[in-house]
Every structure is written in structure tokens, then in C-alpha cells.
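My notes follow in the order of the search.

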Amino acid sequence: QQLLKWNGWGYKDSRFLYQDGTIVFTGDRYPIGGKVSLPHFRDYVIENFNVDLSDRREGVPVPNEFPDPVPCPEFLQDVRQSGIDCTQNGEDRLIRCHGQTLHDVHMMRTGTFKRIPDVVLFPTSHAQVEQIVHSANRHNVVLIPYGGGTSVSGSVTCPEAETRPIAALDTSQMNRMLWIDRQNLVACFEAGIVGQDLERELRQLGFTVGHEPDSYEFSTLGGWVATRASGMKKNVYGNIEDLLVRVKMVTSQGVLERSLAVPRVSCGPDFNHLVLGSEGTLGVITEVVIKIRPLPQVKRYGSLVFPDFGSGIRCLREVARERLQPASIRLIDNEQFVFGQALKIPGGPLATVADQLKKVYLTRVKRLQLDRIAIATLLFEGHEAQVKQHEAKIFAIAKRYGGFSAGSSNGEKGYILTFVIAYIRDLALDYSIVAESFETSVSWDRCEALCTNVKCCVRKECAKHNIQHYLISCRVTQTYDAGACVYFYFGFNHAGFANPVTIYEEIENKARDEILASGGSISHHHGVGKIRSRWYPQSVSNVGVQLYKATKRELDPKNIFAAGNLIPTELQDSDPEPSSLRAKL
């Protein structure tokens with residue numbers, strides 16, 4: 001709370017700023033930092049979004065007044081008698097009322113928040129979480145688990161219509177490694193540990209989990225499990241469902257966990273998958289046993305240039321077909337390539353000459369069109385000989401699709417830039433630009449068409465709203481045997497519009513409709529939450545909805561975990577009392 005922004009992304013000392021006629025990035029946590037001038041980025045912003053950088057509109061300061069908490073004296077007495085830290089301080093409650101959706105951040109910046117938690121709890125162990133859940137059921141208090149606050153699905157926002165007291169259960173104090181088994185390569189962590197802390201603990205012992213989502217600096221292990229998260233290096237280490245060995249979740253009916261931490265078991269339905277993706281609606285994840293690996297001997301970056309995005313997709317498809325994916329392989333379209341180039345730190349005269357020579361080589365020797373090329377970034381991990389062989393095979397495949405190497409430094413810059421991109425939205429909001437990303441997964445045969453269709457849909461919607469200055473771009477971020485994950489980035493200048501976030505959400509909803517119509521999924525790894533719940537029934541079928549609701553009724557009969565995620569409001573059970581539930585059944 002002392003380190004992170006209350007109304008934006010990331011560290012307080014790290015941000016993009018316009019000062020002295022140029023854009024800089026503050027702080028020294030990232031390679032791009034140190035207030036190095038980014039004049040190309042300034043020019044890009046002015047040219048593409050038509051903004052006046054002298055007209056900065058900062059968000060409102062931290063408020064002095066907050067909504068009065070809904071009284072829950074008996075619950076608070078129980079909590080305090082159990083030795084559990086809690087607070088009803090307004091700022092503490094406010095910080096934990098939101099995640100990182102555009103709607104959330106805009107609400108904080110404009111001071112238009114409506115419902116915030118009535119109390120924040122800080123348990124330090126699994127046993128304390130059990131006590132909290134028992135007391136919440138006894139006193140009819142709603143619990144919303146809160147991890148790193150990086151959700152982009154609206155999953156931690158308080159339902160506005162909820163009249164019962166709401167407690168945000170902050171897992172930040174449950175951040176220990178409980179044990180490590182070097183022989184079997186597994187370790188047990190409390191669910192509140194943040195990704196970068198988890199990795200630091202393991203690296204000191206010569207191991208890694210290898211799970212590296214874009215939010216890895218701030219998101220928690222429990223959050224990864226609750227949303228079925230995916231990391232950039234999943235090709236080597238797996239997604240969270242591949243890494244998970246055993247999980248402990250406190251429900252209203254008791255603790256759900258598997259009795260053995262074995263590699264595989266044929267014992268009916270796997271209840272680990274009941275916990276995965278449950279998004280805080282069934283219970284609180286407290287402890288997780290995950291797979292670990294020895295640290296790789298070699299880490300090497302690479303990059304590839306393709307004539308166009310379609311050629312890049314076909315190359316990635318062939319690499320996946322032959323199961324040759326490196327730790328990470330990601331493809332960006334031309335719009336993102338141009339955007340990334342704008343973030344380059346300018347060099348001296350020699351660097352300028354080198355850039356000009358590169359353009360000559362690309363256009364005259366390789367005969368590529370700079371307004372069509374696409375770039376893939378690569379990350380290899382493993383043994384030296386293994387990495388060399390892997391690299392050679394991928395470059396050979398790329399050659400068949402018109403691709404060629406663009407060097408390791410470009411690959412490294414592209415990979416690390418991922419952790420900085422999220423900070424750009426805060427700069428955008430200062431200058432009347434609303435922006436957000438959204439993602440999906442799609443089969444290979446529909447991947448390129450989906451990208452084309454969604455971009456076309458967004459452009460048509462922008463025309464309908466008379467939006468003239470905007471960006472819509474995409475990238476392929478994860479690949480599988482049967483398909484890929486695709487990210488879209490969309491932002492526009494909203495000067496003159498009274499309700500920019502509403503307009504943005506309308507356009508993104510249209511884009512989501514197009515994604516589903518083009519064969520894409522509701523989400524690859526961000527989860528459903530509240531903002532994508534309208535598409536959940538068509539994604540899992542009515543039978544699937546009823547199965548989830550039956551599970552919810554069994555594990556949480558009083559609807560204490562009433563975050564309102566997954567199921568649209570109109571389909572949620574309105575009366576959680578057991579007698580009426582029996583009548584419905």
C-alpha cells in the first residue's frame with residue numbers, strides 16, 4: 001500500500017510523464033526508467049491520438065470522506081477475539097474495492113465509486129481463514145477474497161446492490177513458503193504470496209516455478225489459481241493448472257482438498273479443477289502445492305521479422321505442430337510494432353545511421369513493406385546445446401514463411417517491455433485517452449480471420465461513434481497444439497465525449513460478440529468476473545450453469561462468497577436460504 005498506486009497500475013515511483021517537452025519514464029525499476037527522454041513516443045502520441053500534451057488532467061486526490069460501513073459489530077468482535085487484524089479505515093477499504101479494469105481505474109480517478117468493503121481483514125494463516133469463514137456464516141457477512149488487486153474482470157468489485165456487510169479478506173499476510181521437497185520437485189506456499197516474491201524465494205534455493213504472467217510483479221499465487229492464469233513461459237513450465245499439485249480451499253462447509261500430493265490420481269472428478277477458475281465464489285484458497293524446476297543454465301532471447309502478420313501466424317502454427325515452442329514465442333502485428341518502435345530510447349549519431357541502414361536492408365534487400373511487417377519475440381531456456389539446437393530449428397521453420405532473425409537484443413527488449421506497457425494507460429488517462437486490453441483463445445484455422453474480424457468490428461464501431469483518433473492492434477501471446485491466445489489492445493481519444501468509459505465498454509462488448517462469432521473463447525486467462533458474465537451461459541451451456549449453481553449451493557448455502565462473478569445477475573439465486581433452495585430443486 002505504501003509502494004503501489006491507489007488509483008492506477010504498479011509502483012508509485014514508476015510512471016510515464018510529459019515534462020520539459022518530452023515523455024519520460026520515472027524510477028529505476030525497469031530498463032526504460034531513469035527519466036530517459038522518449039521523444040519518439042511523444043511524437044507517436046501526438047500524431048496518432050491528436051492530444052495536447054500541455055493539457056494534463058490528473059485524477060482526484062485520495063478522498064477524505066468515505067461511505068459509512070454497514071454495521072457488523074458481532075462479526076468484528078469475533079474476528080478481534082480470534083486475534084485477526086482488521087480495519088475499517090476508509091482508505092484501506094477504498095484501495096480494496098477495485099481491480100485494474102478501465103472501469104475500476106476511471107472510477108478511482110473520478111471519485112465515483114459507490115460500494116466499498118465495510119471492513120478489511122488480514123488473516124495470517126489457514127486456521128485464521130477458517131475462523132473468518134465460520135464467523136461470516138454465523139453473522140451473514142459477505143466475504144470477497146483480495147490478493148494482488150490486479151484483476152481485469154471486475155471480480156473484486158463489491159456488488160452495488162448488496163445490503164449485507166462486506167469484508168475484503170486480504171491474503172497479503174499469508175505469504176510464506178511452508179515447505180519444499182527437492183527430491184520430488186514440489187513446494188507449498190501460502191496463497192497470498194506475490195509472484196516476484198515466490199520466484200525470489202525459490203531462486204535463492206536454485207529453483208523456479210516459471211509462471212510469469214504480465215502481472216507477475218503484483219499478482220498472487222491464490223489469484224493465479226482462482227482465475228486459471230497463464231504465464232508467458234507456459235511452453236516449458238505449463239499454465240497454472242499444469243503446475244498445480246494440490247490446493248486447500250476453505251468453504252462454508254469445511255476445507256476442500258485432496259488427501260495426497262501425488263503426480264496423478266484416477267479418483268473421480270478432479271476437485272482441483274473445481275477450485276481453479278472459481279474466482280472467489282466458492283471459498284478462500286489458502287495453500288497451494290506447486291511443481292518447481294531447477295533454474296535453467298541458459299536464458300537466451302531472439303526475434304524474427306515476417307513479411308506480414310499472416311505469415312507469422314502460419315510460422316507459429318508450424319512451430320506448435322512440431323512441438324518446438326521455446327519458453328515464450330509471441331507475435332505482434334504491425335500496429336504494435338510501430339508502437340513499440342516509438343518506445344525506443346534514442347541513441348547517438350551512430351545509432352541513427354544504424355537504424356537507417358536497417359530500413360534500407362528491410363525494404364531494398366528483403367523487399368519488405370514496413371507498414372505490413374510483423375515481429376515475433378522469442379525466449380529460450382535450458383541447456384546450452386539444447387537451446388542452440390532449438391534456435392536453429394525455429395529459424396529454419398521461420399525461413400519457410402519468409403521470416404528471418406532480427407537479433408537477441410530486440411527480443412529481450414520486446415519481452416521486458418511487457419512489464420512496462422500497463423503503465424501507459426495511466427499516462428493515457430491523463431490526456432483524455434481511454435485504453436484497455438482484452439484477450440481470447442482460438443483454434444489455428446480461425447486465428448487470422450478472428451484477428452481481422454475483430455479489428456474490422458472495432459473500426460466500424462469507432463466510425464459509428466465518430467471516434468477519429470484510436471488504436472486497435474493485436475498479438476499472439478501463447479500457442480498450443482490446437483490454437484493460440486490472442487490479445488487485443490484498443491484505445492481512443494475521448495475529447496468531447498461525455499461518457500468515454502461507457503462508449504469504450506460498448507465497443508469492447510461488440511468486439512467480444514465478434515470474437516465468439518469468429519470461434520474465439522470468452523477468455524484465455526483473465527477470467528470471467530462480472531464484466532464477461534453475460535457470455536458465460538453460452539460458453540458452458542445451461543446445463544453447465546446449473547451444475548455450477550448446484551456446486552455453489554452445496555459449498556456456500558448462505559451465499560457468503562457473494563462476489564457476483566461468473567453468473568449474470570439475472571441468473572443468480574436470489575434467496576440463498578436452504579428451505580427455498582429445496583423448493584427450487
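**Entry 1: the sheet**

I looked up strand β10 (residues 244–251) and found six bridges joining it to strand β12 (residues 284–291), the two running antiparallel. Helices (H or I, at least four residues) and strands (E, at least two) are DSSP runs numbered from the N terminus, and two strands pair if DSSP finds at least two bridges between them. I note that this is a predicted model, in which local features need pLDDT of at least 70 and side-chain atom pairs count only at pLDDT 80 or more, while totals for chains, interfaces and linings use all residues. Residues are numbered from 1 along each chain as its sequence is written, and side-chain values use heavy atoms, with hydrogens and water left out.

I traced the open sheet of five strands in the order β7-β8-β12-β10-β11, with antiparallel pairing. β7 (177–181) and β11 (254–256) are at the edges with a single partner strand each, so one side of each lacks a neighbour in the sheet. On average, neighbouring strands of this sheet are turned by 10 degrees against each other, direction ignored.

**Entry 2: helices on the sheet**

I found helix α5 (residues 126–139) lying across β10, β11 and β12, at about 35 degrees to β10. Axes are lines fitted to C-alpha atoms, for helices over the stretch in contact, and angles run from 0 to 180 degrees between N-to-C directions. Helix α6 (residues 195–203) also packs on the sheet and touches β7, β8 (186–190) and β12; contact means heavy atoms within 4.5 Å. The direction of α6 makes about 45 degrees with that of β7.

**Entry 3: α11 and α16**

I recorded that the axes of helix α11 (residues 309–321) and helix α16 (residues 444–464) come within 10 Å and cross at roughly 160 degrees. That makes α11 roughly antiparallel to α16, a term for angles over 145 degrees. I listed the contact residues, among them Phe309, Ile313 and Leu316 of α11 and Trp444 and Cys447 of α16.

**Entry 4: Leu450**

Where is Leu450 found? I located Leu450 in helix α16. Leu450 is buried, with a relative accessible area of 0%; buried means under 20% relative accessible area, with a 1.4 Å probe and protein chains only. Not counting residues up to four places away in sequence, Leu450 touches Thr440, Val442, Phe488, Ile515, Ser518, Gly519 and Gly520. I also looked up Gly33, which is 417 residues from Leu450 in sequence and 36 Å away in space, C-alpha to C-alpha.

Notes. Parallel < 35°, antiparallel > 145°, perpendicular 65-115°, else oblique. Buried < 20%, exposed > 50% of the residue type's maximum accessible area, 1.4 Å probe, protein only.
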